[in-house]
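Welcome, and thanks for taking a look. Please keep the sequence and the 3D view side by side as you read.

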Amino acid sequence: MAAFRDMEEVSQGLLSLLGANRAEAQQRRLLGRHEQVVERLLETQDSAEQRLREILAAEEEVAQSLLDAKERAHQGGAELQQLEAELRKASEEDTCLKASLLQLTRELEELKETEASLERQEREVDEDTTVTIPSAVYVAQLYRQISKIEWDYECEPGMVKGIHHGPSVAQPVQLDSTQLSKKFISDYLWNLVDTDW
């Protein structure tokens with residue numbers, strides 16, 4: 001370093017002055033210069049140490065910033081992968097939902113067609129029953145008045161049950177249609193009817 005060389009020169013100059021017995025004024029001047037050089041050397045050393053600390057702090061800050069940037073980049077990559085996975089999952093769910101919606105739309109159309117068909121059939125049945133029901137009701141009422149049988153509509157399937165209100169006594173009617181023929185049942189019931197009109 002230049003400051004050390006200056007100091008060495010000053011020291012050698014002092015030694016040579018002292019050894020040569022020169023004038024005291026020159027000695028004071030060299031001593032003053034020596035003090036200035038030492039002060040300058042100490043200031044330079046302090047300044048260099050301060051700059052070195054600042055450089056180390058700046059390097060540490062830059063290194064930390066670089067580490068933080070790498071961490072953020074790593075986190076950003078992980079978040080990007082997570083978002084891509086979520087996007088794929090949402091796309092798959094969307095495809096499933098579209099398929100379900102399409103299926104439900106088809107089923108809805110089929111149900112609408114079935115409903116329209118049932119409404120048509122209901123109208124046809126209504127038209128038919130407005131003609132046939134009154135005549136069927138009339139026949140049933142006429143048969144009840146003639147036969148005087150009160151039917152049990154809540155009996156077990158396959159059973160013909162009721163009460164025949166004959167001329168003198170009410171008589172129960174209970175026939176098993178699984179064991180008896182329809183002709184026999186019809187003949188039996190008509191034989192209960194009083195034909196003395």
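The notes below cover a histidine, a nonpolar core and the salt bridges.

## About the model

This is a predicted model, in which local features need pLDDT of at least 70 and side-chain atom pairs count only at pLDDT 80 or more, while totals for chains, interfaces and linings use all residues. Residues are numbered from 1 along each chain as its sequence is written, and side-chain values use heavy atoms, with hydrogens and water left out.

Let's start with His164, which sits in strand E2, residues 159-165. Helices (H or I, at least four residues) and strands (E, at least two) are DSSP runs, numbered from the N terminus. His164 is buried because its relative accessibility is 6%; buried means under 20% relative accessible area, exposed over 50%, and partly exposed in between, using a 1.4 Å probe and protein chains only.

A polar atom of the His164 side chain lies 3.2 Å from the backbone oxygen of Leu192.

## The largest nonpolar core

Leu192 turns up again in the largest nonpolar core, whose seven residues also include Ile149, Val160, Val173, Leu175, Ile185 and Leu189. Such a core is a set of buried Ala, Val, Leu, Ile, Met, Phe, Trp, Tyr and Cys residues joined through side-chain atoms within 4.5 Å. Strand E3 (170-176) and helix H3 (182-191) are the elements that give two or more residues to this core.

## Two salt bridges

How many salt bridges does the structure hold? There are two, each being a side-chain nitrogen of Lys or Arg within 4 Å of a carboxyl oxygen of Asp or Glu.

One joins Asp94 and Lys98, with the closest N and O atoms 3.4 Å apart. These residues are about one helical turn apart because they are four residues apart in helix H2 (residues 24-147). Asp94 is partly exposed at 36% relative accessible area, whereas Lys98 is exposed at 53%.

Lys183 and Asp187 form a salt bridge too, and there the closest N and O atoms are 3.0 Å apart. Both residues lie in helix H3, four residues apart, about one turn of the helix. Lys183 is exposed, with 61% relative accessible area, and Asp187 is partly exposed at 36%.

Conventions: Polar contact = N/O pair within 3.5 Å; in protein donor to acceptor, adjacent residues only side chain to side chain.
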